[in-house]
Amino acid sequence: MGYDSEENIGVDKCALSEFFTCLKGQLQLVTGLIEMPRELTLADVRRPNMVLGDPGIGKTCGIISIIDELNAQLPADKKLGFKKILLGQTVVGSLSGIPVINSQTGEVKRVQAPDLPVAERDGEYGVLFLDEITTADEAQVQPALGLCDDTRNIGTYQLPEHWVVVAAGNGPSCANFLELHDMTLSRFVAFDVRYDYQKDWRPWAHAHGINELIIAFLNFKPEYIVHVVTSEEDKSGKQFACPRTWTRLSTELKMRELQGRRVSQNELQGFASRIIGTDAAREFAAFSMFNKTLKVDPDDILSGKVRKAEVTLQLEEFHIIIQQISKRLIKLSESTDPNDAKSVDHAYEVIGNAMRWIISTKDIMLDRTFNAISEINTEVADVGNVLADFERFSEYCPEWVDFLDEYSAALTDTENSIANIY
């Protein structure tokens with residue numbers, strides 16, 4: 001029975017970060033970073049995974065990041081390798097080996113495709129990534145499925161026992177989606193991703209220095225994290241916004257700034273359209289205009305000079321200010337010496353000034369106030385520890401005590417809860 005793209009693959013949607021968490025745990029067990037219990041075998045733990053989602057959301061990048069993180073903890077003989085096969089570009093039959101005839105003996109031997117891992121060359125441990133599984137022809141997919149059952153082989157080729165198979169593809173909403181048969185799906189633990197900007201990208205964006213105006217815009221309009229505008233009627237594809245292209249836009253803006261040719265407001269839409277597409281670029285350029293007309297300097301907030309938000313504060317201005325505050329708090333965290341009392345006192349004072357101003361926005365946009373506190377608490381290093389030091393922090397920001405007393409129930413119930421600070 002075939003897969004009906006108008007329905008779903010029979011599993012609940014999840015965030016991409018949930019898939020990454022599961023894969024990381026699996027690799028920790030396979031490599032021994034987590035001791036495997038007696039009731040589990042290697043065959044149980046190394047089961048294949050499949051992750052489906054929109055293009056450009058970071059499936060490949062995330063897997064490589066997990067491998068890099070774990071390799072920093074693993075001994076040389078257990079470091080993870082990575083092999084990627086684009087099934088849609090694989091010659092039919094090549095995975096089972098290309099026949100080569102020995103001119104002297106006449107013997108036919110099948111030489112394996114170099115993309116398949118060999119323990120002697122690629123290591124005993126690793127991830128075999130089968131990409132484009134939902135856009136490849138069935139004849140290209142079927143040979144690879146032998147690697148995803150209990151035999152883990154194709155013809156005479158045997159997958160090394162400590163390698164884990166991960167398949168990936170675009171979801172059924174994508175125009176180039178073909179189909180997935182039940183037989184194929186049943187071989188995998190399947191993750192059907194609904195990309196979540198706040199869970200899947202924003203923490204990474206903060207940690208990797210993504211342009212704060214981009215983060216501010218996506219806080220304002222999170223639906224633009226993946227914004228595909230093509231349709232089946234289009235004769236050609238269109239550039240579109242996705243985590244991959246937002247990251248590239250941040251890099252391009254930084255490169256222009258380093259060259260002394262900062263992108264002006266007048267040229268921003270055209271510049272950004274080449275990377276994130278016309279529609280997203282238009283919205284982003286319109287949003288960025290608020291950056292030029294801010295009524296308050298974030299440095300004045302952090303110094304305590306400005307202690308309260310004006311009632312005329314626009315939503316766009318709020319998001320821009322929050323990201324500028326976040327960027328400065330990240331730098332503060334990096335420069336604070338935990339062994340220097342004056343340095344620590346200064347950090348508490350600055351964070352207190354920031355929280356006082358953010359709390360003052362509650363009468364204008366309470367839900368955004370909650371989200372901003374949650375974002376800074378969880379995604380900016382050391383802020384969470386400062387807020388958790390309740391007694392000491394309340395000396396620098398007495399308003400914090402009243403805020404928690406008044407909204408403790410709402411903060412506990414909200415999806416972006418900061419209940420962990422109590």
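Visitor: Is strand 6 (residues 125–131) buried or exposed, and why is it described so?

Guide: The model is predicted: local features need pLDDT of at least 70, side-chain atom pairs count only at pLDDT 80 or more, and totals for chains, interfaces and linings use all residues. Residues are numbered from 1 along each chain as its sequence is written, and side-chain values use heavy atoms, with hydrogens and water left out.

Strand 6 is largely enclosed by the rest of the structure, because seven of its seven residues are buried. Here buried means under 20% relative accessible area, exposed over 50% and partly exposed in between (1.4 Å probe, protein chains only). Strands (E, at least two residues) and helices (H or I, at least four) are DSSP runs, numbered from the N terminus. Y125, V127, F129 and D131 point one way from strand 6, while G126, L128 and L130 point the other way, and all are buried.

As to its neighbours, two strands pair if DSSP finds at least two bridges between them. Strand 6 pairs with strand 3 in the parallel sense over seven bridges, and D131 of strand 6 stands opposite L86. Strand 6 also pairs with strand 9 (residues 162–169), again parallel, over six bridges; there F129 has V166 as its bridge partner.

V166 in strand 9 is also the bridge partner of N49, and strand 2 (residues 49–52) and strand 9 pair in the parallel sense over four bridges. Both faces of strand 2 are covered, with N49 and V51 buried on one side and M50 and L52 on the other. Strand 2 pairs with strand 10 (residues 189–193) as well, in the parallel sense over four bridges, where M50 stands opposite A190.
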